[in-house]
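Welcome, and please open your viewer. We will go from stop to stop, selecting a few things at a time.

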Amino acid sequence: MSSITAGNAEQYSDSKKLAARGRLNREYTIAETGWFPWVAQQLPLKPGDAVLDIGCGPGWFWASVASELPEGLNLTLADLSPGMLQEGLERCRALGFAAVSGEQADAAALPFADASFDTVIAMHMLYHVADQAKAIAEMHRVLKPGGHLAVTTNGAGNMRGMYALTAVFGSPPYDPAGAAFGYETAERLMLAEFGNVTMREHPAHMLITEPEDVFLALTSYPPGDRASEEELAAFRAAISEAFQTGGGVLEVGKETGLFVSRKAG
Ligand SMILES: C[S@@+](CC[C@H](N)C(=O)[O-])C[C@H]1O[C@@H](n2cnc3c(N)ncnc32)[C@H](O)[C@@H]1O
């Protein structure tokens, strides 16, 4: 396979490759409220809640919003990658939660008992999962009655003007994450499992001023990370032309959304 949705073990052995994409989003997103604080504001968390973050990555979300969350959260981190989980645990244990524990786990086979959590969070990870319906069923199973699942993902049109540049090394000209688990899929699968779902889109766009950051982000996953010298040179030329056309900047629209479902009971 040749996309952001493949090659997990290599891509996520640690946070280095993800950092290039994280930097692009962090540095150049224009929004009244940043992505992580915007998500945190909408999570239905109460003091003392038991929370599972599946596909937690390096725990950047929690580090960014810990001071804005209700007191006494009992946080469980889980990720398929032991390197990511370790980094997430180290980061989150320093943040003052009531408890932080972790398990290496596949979202489609969660090693937790039924009805264990008040909230399950799966941020920007379901596009990596082969059986997304099974993973959402697992998230439903481990929720307590009345608990919530919060899922984030990208729309198929996310940053279209930037992804179009990757055609030079054979990528489709759109966000592969939004293609593998976009808005329609998230809504359909969560509605099928829970019987309800609400969706909100983060109001934001991107104004990128540094061509090299585009290059690093889009060569952080297949096939860009294994492109030939010729392809990379063509990619740099395409980026440079896009910046020239934009008068020294690359402006692209974002499609990033939060879906929340409630378990009956
Ligand atoms: C794009 S990162 C998102 C990290 C974090 N949730 C965030 O939003 O910043 C995707 C994460 O999902 C993890 N992952 C991929 N497939 C998984 C699976 N089947 N089960 C659990 N975690 C998975 C990866 O190891 C990686 O840490």
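A handy definition to start: a residue is called buried under 20% relative accessible area, exposed over 50%, and partly exposed in between (1.4 Å probe, protein chains only). Please keep in mind that this is a predicted model, where local features need pLDDT of at least 70 and side-chain atom pairs count only at pLDDT 80 or more, while totals for chains, interfaces and linings use all residues. Residues are numbered from 1 along each chain as its sequence is written, and side-chain values use heavy atoms, leaving out hydrogens and water.

**The whole chain**

Begin with the chain in cartoon view. Along the principal axes, the C-alpha atoms fill a box of roughly 55 × 35 × 30 Å. Of the 265 residues, 52% are buried.

**Salt bridges**

Now show the charged side chains. A salt bridge here is a side-chain nitrogen of Lys or Arg within 4 Å of a carboxyl oxygen of Asp or Glu, and the count comes to nine.

**Stop one: helix α2**

Select residues 16-28, which form helix α2 and hold both Arg23 and Glu27, four residues apart, about one turn of the helix. Their side chains form a salt bridge, with the closest N and O atoms 3.9 Å apart. Glu27 is partly exposed at 44% relative accessibility, and Arg23 is also partly exposed, at 35%.

**Stop two: Lys46 and Asp49**

Next, select Lys46 and Asp49, whose side chains meet in a salt bridge (3.2 Å, N to O). Lys46 counts as partly exposed, at 45%.

**Stop three: helix α5**

Finally, select residues 82-93, helix α5, where Glu87 and Arg91 sit four residues apart, about one turn of the helix. Glu87 forms a salt bridge with Arg91, the closest N and O atoms being 3.4 Å apart. Arg91 is partly exposed, with a relative accessible area of 28%.

Definitions and conventions:
Helices (H or I, at least four residues) and strands (E, at least two) are DSSP runs, numbered from the N terminus.
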